[in-house]
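Welcome, and please take a moment to look over the sequence and the structure below. The report that follows walks through some of its parts.

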Amino acid sequence: MKYEFDVIVVGSGMSGGWAAKEFCEKGFKTLVLDRGHAQEHGDYKFESRDPWDLPNAGKINDDVKQQHYATVSKCYAFQEQTQDFFIKDSDYPYETPECKTFDWIRPASVGGKSLMWARQSYRFSPMDFEANKKDGFGTDWPVRYDDLAPWYDYVEKFAGISGSKENLPQLPDSIFQKPHVMTAPEKNLKTRVEETYKGRKVIMGRVAQLTEPTEEQMELGRGQCQSRNECHRGCSWGGYFSSLAATLPAAERTGNMTLKADAVVHSIIHDEATGKALGVRVIDAKTGEKTTITARVIFMCASTLSTTQILLNSQTEKYPTGIGNSSGVLGHYLMDHVNGGGARGRIEGYDNVYFKGRRPTGLYIPRFRNITEPTDKFLRGYGFQGGAGRGGWQYAHHRKGIGVDYKNSIQKPSSWGISFYGFGEMLPRYENAVRLSKTSVDKHGIPALHIDCAYSDNELKMREDMADTATEILKAAGVKDVERQVNHDAKPGIVIHEVGTARMGRDPATSYLNGYNQSHEVDNLFITDGAAFASIACQNPSLTFMAFTARAADYASEHLKAGVL
Amino acid sequence: MTNLNKPSRRTVITGITALMGGLALSDTALAALDTAYSNGDHLNRSFDRDQMKTIAVFMDAILPETETPSATGVGADKFFVHAYQIIFSAKQRKIIMEFLDHMKNDHTEFLSASHSDQIKLVKHVDDNMLNSGNTYQAYRLLKEFTLIGFYRSEVGATEELDYDPVPGPFHEVPLKPSSKATASVIFT
């Protein structure tokens, strides 16, 4: 059979960009499909636009939000300047049981969420890959840290991660560019916290922002981050890592990539005679035209739940519940981080200290629970993200005051404030699952997802502990007016770290993928986005998406060359 | 439809006892306004001349002229009209229009009052701005958009504050007496 492409990559974001780069650089004709609209790097509509040139000052009408963007408008990065990067929820509905919210935040353009991500980049640790085996929740990862470590090295050199070496077993160091700097009150907090709690460290947030761009990065047109903190609008300087700024240009320059926007993948075509995936069925988002495209290998990188939706919708006689799903685990073990627990307060002094620039990261407190400080209240643990700063005019309308004194007070930065909020590991549970809706379809006629996911007692206890320990930490550092914070309304999904619905594992009877992100049953089908995760750890997952994708692409390339695939 | 069990909006308004020379909105009066309801005529009209003047008085009371122009001096009032038409939800439009209707119909002295009396009234509302109720919600919205209109204007950003679109790598600097707060906000 003559295939149209060597490889089809579904999705062009964090994972898809890496798959495209790796295959194209290895000489394979690669088709990248994305449901979203076209978006060229450097052609970002709102980038560098002065505030007085924003038609609506960054605001979006609440009625419009409720009607069309009811879920994505909950994302911190959703505003007038970024609206075009977010999906219209009304076009792509999904269901949840009543009183069981799941906030599914989805992108709308080529580049996916790599355009609007918060860029926090942390490796998983050896203990993260052993956690399931140790406490029995979930299935054992079929890989260990040492399997992935060289691939972390590989992607970090290309992507560019700033951070400090800390030699922490629970948070392995990356190949770093120099870290961003702490402010004086943050340095004081670090000293006092680390003196008080021997197992707690306060470090600079590790972030995919160029502080010392390499020759390779500059060749792609990327430059040093200029602390504009307008990343979510798109950065034509490539100061932060996105597929549009980095991996897709690298793929494009090989001449081997075909990138199609507005290409909605309906399902994967399965050839029952060979047992392989033949290609994909595609709907043109603009015209509705339906086509099929064939390739020797399919890489699913459409994001955890979108990939799973396509897999579930790829039904045949052999696989009535979705391609490659004899195990029945497809759609199950959905996880997101638990958040909503933390603390905030006011720092006295440092009145004469200010800063220049808008630092694109904050502080990080790596996990200490059940590492240096055990607890019997819950399994696993959490890290904190936060930092100190001085507010400006945008908060002033909340306080009383009018007139000259009020206006003059706004002209000066406010006093220092500080906050930390936890990101905790959610346990993999079978009952946290997605399936296809029996009644609801999207605007292309594709069955919507039904998402049934909730935090368990373990996560809720963890959230309370986050608030307790964040309060302790701030008090130990001498912070004033410390307020313990617990947001009971925070539900899964809103952290936008969803993973786990086509998990890797050692046993084909209880997992969907093997240790190379390869379907146990359909050997030319790979899933390298978050769907593949067997556990979520407490670190932000994108760096691990990148490492797994590069590793799987290398594995698949070798097998393509060998004629096995 | 008329709800006979509720006082009409007009009944409520005419029952208001104003303080401070008939200008101030007393807590009782404001609370009474909050319980009134509208017949919906606010939804399809914009502000008339007196309402625009009222907006301007409130805005310039909040952010008066200093070394830089006042809120209306940079066009914050015109931005508010745009916000009313484009940015506000139907609910927000309703509470704003009710607030301005009340000021127009029941505090007819407001626009002709002395500047100091106007300031007194605005300060009275501001002092109670954290109270619940539509009136205070309307005021909070007006105040928020006064600040947005001013500090997101070119003058507000570049003259009143420190606007630096390309600051370069983040670093600490001393805050001098002449230093100004940054005009930029995160995620904009």
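## Before we start

Two strands are said to pair if DSSP finds at least two bridges between them. Strands themselves are DSSP runs of E that hold at least two residues. Please keep in mind that this is a predicted model.

## Where a strand of chain A meets a strand of chain B

With that definition in hand, let us begin at the place where strands of two chains pair. β11(A) and β1(B) run antiparallel and are joined by four bridges. One residue pair to look for is Val353(A), whose bridge partner in β1(B) is Pro174(B).

Tyr350(A) sits in the loop that links β10 (341–347) to β11 (353–356) of chain A. Its phi is positive, about 55 degrees, although Tyr350(A) is not a glycine. In general, most residues other than glycine have a negative phi.

Chain B is built from eight helices and one strand, and along the sequence they follow the pattern α-α-α-α-α-α-α-α-β. Of its 188 residues, 39% are buried. Among the contacts in chain B with a separation of 6 or more, 66% are between residues 24 or more positions apart.

How many residues of chain B are in contact with chain A? The contact brings 45 residues of chain B together with 50 residues of chain A. On the chain B side, α3, α4, α6, α7, α8 (154–160) and β1 (171–174) each supply at least two residues. The largest share, five residues, comes from α7(B). Sorted by class, this side of chain B has 26 nonpolar, nine polar and 10 charged residues.

## A closer look at helix α3 of chain B

Helix α3 of chain B covers residues 49–62. At 1.5 Å a residue, its 14 residues should span 20 Å, and its end C-alpha atoms are 20 Å apart, so the two values agree.

The buried residues of α3(B) include Gln51(B), Thr54(B), Phe58(B) and Ile62(B). What do the buried residues of this helix pack against? They pack against α9 (403–411) of chain A, together with α4 (76–87), α5 (90–106), α6 (115–127) and α7 (134–151) of chain B.

## Two domains in chain A

The domain assignment of chain A gives two domains, each made of several stretches of sequence: domain 1 (5–42 + 92–119 + 241–335 + 430–453 + 494–561) and domain 2 (164–204 + 339–424 + 456–486). Their C-alpha centres lie 35 Å apart. Four residues from domain 1 and eight residues from domain 2 take part in the contact. On the domain 1 side, these residues divide into two nonpolar, one polar and one charged.

## The six-stranded sheet

Chain A has an open sheet of six strands in the order β5-β12-β13-β14-β10-β17, with antiparallel pairing. β5 (203–204) and β17 (480–486) stand at the edges with a single partner strand each, so one side of each has no neighbour in the sheet. β10(A) and β17(A) pair over five bridges, and here Arg344(A) stands opposite Glu483(A).

Helix α5 (residues 184–196) of chain A packs on this sheet, touching β10, β12 (363–365), β13 (382–390) and β14 (416–424). The direction of α5 makes about 145 degrees with that of β13(A). Helix α10 (residues 457–476) of chain A lies across β10, β13, β14 and β17, running at about 15 degrees to β10(A).

## Following strand β9 of chain A

Strand β9 (residues 290–300) of chain A pairs with several strands. Five bridges join it to β1 (residues 5–10) of chain A in the parallel sense, with Val10(A) opposite Met300(A). Another five bridges join β9(A) to β8 (residues 276–284), this time antiparallel, and there Gly279(A) stands opposite Thr294(A). The hairpin of β8(A) and β9(A) has five residues between the strands, and Gly288(A) takes a positive phi near 80 degrees.

β9(A) also runs parallel to β18 (residues 525–527), joined by three bridges.

How values were computed. Residues are numbered from 1 along each chain as its sequence is written. Chains are lettered from A and ligands numbered from 1 in the order in which they are written. This is a predicted model: local features need pLDDT of at least 70, side-chain atom pairs count only at pLDDT 80 or more; totals for chains, interfaces and linings use all residues. The expected span of a helix is 1.5 Å times one less than its number of residues. A residue is buried if 20 or more other C-beta atoms lie within 10 Å of its own, exposed if 12 or fewer, and partly exposed in between; C-beta atoms are placed from the backbone. Two residues are in contact if their C-beta atoms, placed from the backbone, lie within 7 Å. Ala, Val, Leu, Ile, Met, Phe, Trp, Tyr, Cys and Pro count as nonpolar, Asp, Glu, Lys and Arg as charged, and the others, Gly among them, as polar. Domain bounds come from an automatic or database domain assignment. Axes are lines fitted to C-alpha atoms, for helices over the stretch in contact, and angles run from 0 to 180 degrees between N-to-C directions.
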